[in-house]
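Here is a colleague's note to read alongside the model. Keep the viewer open as you go through the points.

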Amino acid sequence: MTVGAASRSVYQIATEYHRAPLAYALSAVAAVVYVFITYTLVRGGETARKVALVCCALELVGVLTVGTWTLLDSSAFPDATVWSYYGAGYILIPVALPVTGILWLRRSRAAAPAGS
């Protein structure tokens with residue numbers, strides 16, 4: 001998702017930004033969030049886990065907000081974002097990813113031995 005969202009947003013901003021600036025900017029925000037979550041998960045540690053948890057929650061809020069916005073006022077988005085229609089253009093992975101991430105991060109913390 002990180003590579004897909006980042007490459008799509010870079011291409012769209014570079015070639016078609018005038019057509020749908022809000023949609024392309026939101027796709028770039030999604031890409032940055034995915035990069036940051038990936039970085040924190042690779043980095044490891046309790047602080048990184050907490051940051052990843054917050055980022056997953058913010059991503060979920062973004063997906064739900066933009067997904068609902070696209071349903072209520074599709075004219076606001078002349079072109080789709082990664083989060084449009086809850087990520088339907090990406091087989092709903094953008095809505096499943098933060099939920100899965102939150103569950104995994106919470107479970108991994110619960111399974112960690114005391115003092116880790």
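1. Let's begin with a charged pair. Glu 46 and Arg 49 make a salt bridge, their closest N and O atoms lying 2.9 Å apart; the term covers a side-chain nitrogen of Lys or Arg within 4 Å of a carboxyl oxygen of Asp or Glu. Because the two residues are three apart in helix H3, about one helical turn separates them. Glu 46 is partly exposed, with a relative accessible area of 28%, whereas Arg 49 counts as buried at 15%. Here buried means under 20% relative accessible area, exposed over 50%, and partly exposed in between, with a 1.4 Å probe and protein chains only.

2. A word on the model before going further. This is a predicted model, in which local features need pLDDT of at least 70 and side-chain atom pairs count only at pLDDT 80 or more, while totals for chains, interfaces and linings use all residues. Residues are numbered from 1 along each chain as its sequence is written, and side-chain values use heavy atoms, leaving out hydrogens and water.

3. How confident is the predictor? The protein averages a pLDDT of 83, and 93% of the residues score at least 70; pLDDT is the predictor's confidence in each residue, from 0 to 100. Confidence is highest in helix H3 (residues 46-72), at a mean of 90, and lowest in helix H1 (residues 2-16), at 80. Helices are DSSP runs of H or I with at least four residues, numbered from the N terminus.

4. Back to the charges. The whole structure holds two salt bridges. One of them joins Glu 16 to Arg 19, with the closest N and O atoms 3.8 Å apart. Arg 19 is partly exposed, at 43% relative accessible area. Side chains of opposite charge can pair when their charged atoms come close.

5. Which residues line the largest pocket? Thr 2, Tyr 34, Ile 37, Thr 38, Leu 41, Cys 56, Glu 59, Leu 97, Pro 98, Thr 100, Gly 101 and Trp 104 do. The space in this pocket is about 180 Å³. Helix H2 (21-43), H3 and helix H4 (93-111) each give at least two lining residues, and H4 supplies the largest share, five residues. A pocket, on a 1 Å grid over the protein atoms alone, is an open set of points where a 1.4 Å probe fits, with protein on both sides within 12 Å along at least five of seven lines; lining residues have an atom within 4 Å of a point.

6. Ala 57 sits in helix H3 and is partly exposed at 35% relative accessibility.

7. Please look at the loop between H3 and H4, where Ile 91 and Leu 92 are found. Phi is near 55° for Ile 91 and near 60° for Leu 92, positive values in residues other than glycine. Most residues other than glycine have a negative phi. Ile 91 is exposed at 72% relative accessible area, while Leu 92 is partly exposed at 42%.

8. Finally, the surface. Leu 71, Leu 72 and Tyr 85 form a nonpolar patch with about 350 Å² of accessible area together. Such a patch joins nonpolar side chains (Val, Leu, Ile, Met, Phe, Trp, Tyr) within 5 Å, from residues with over 30% relative accessible area and no salt bridge. Leu 72 lies in helix H3 and is exposed, at 73%.

Terms used. Patch = residues over 30% accessible without salt bridge, like charges linked within 9 Å, V, L, I, M, F, W, Y side chains within 5 Å. Areas by Shrake-Rupley, 256 points an atom, 1.4 Å probe, with all protein chains shown as cover. Points joined across faces, edges and corners; volume = space filled by probe spheres on them.
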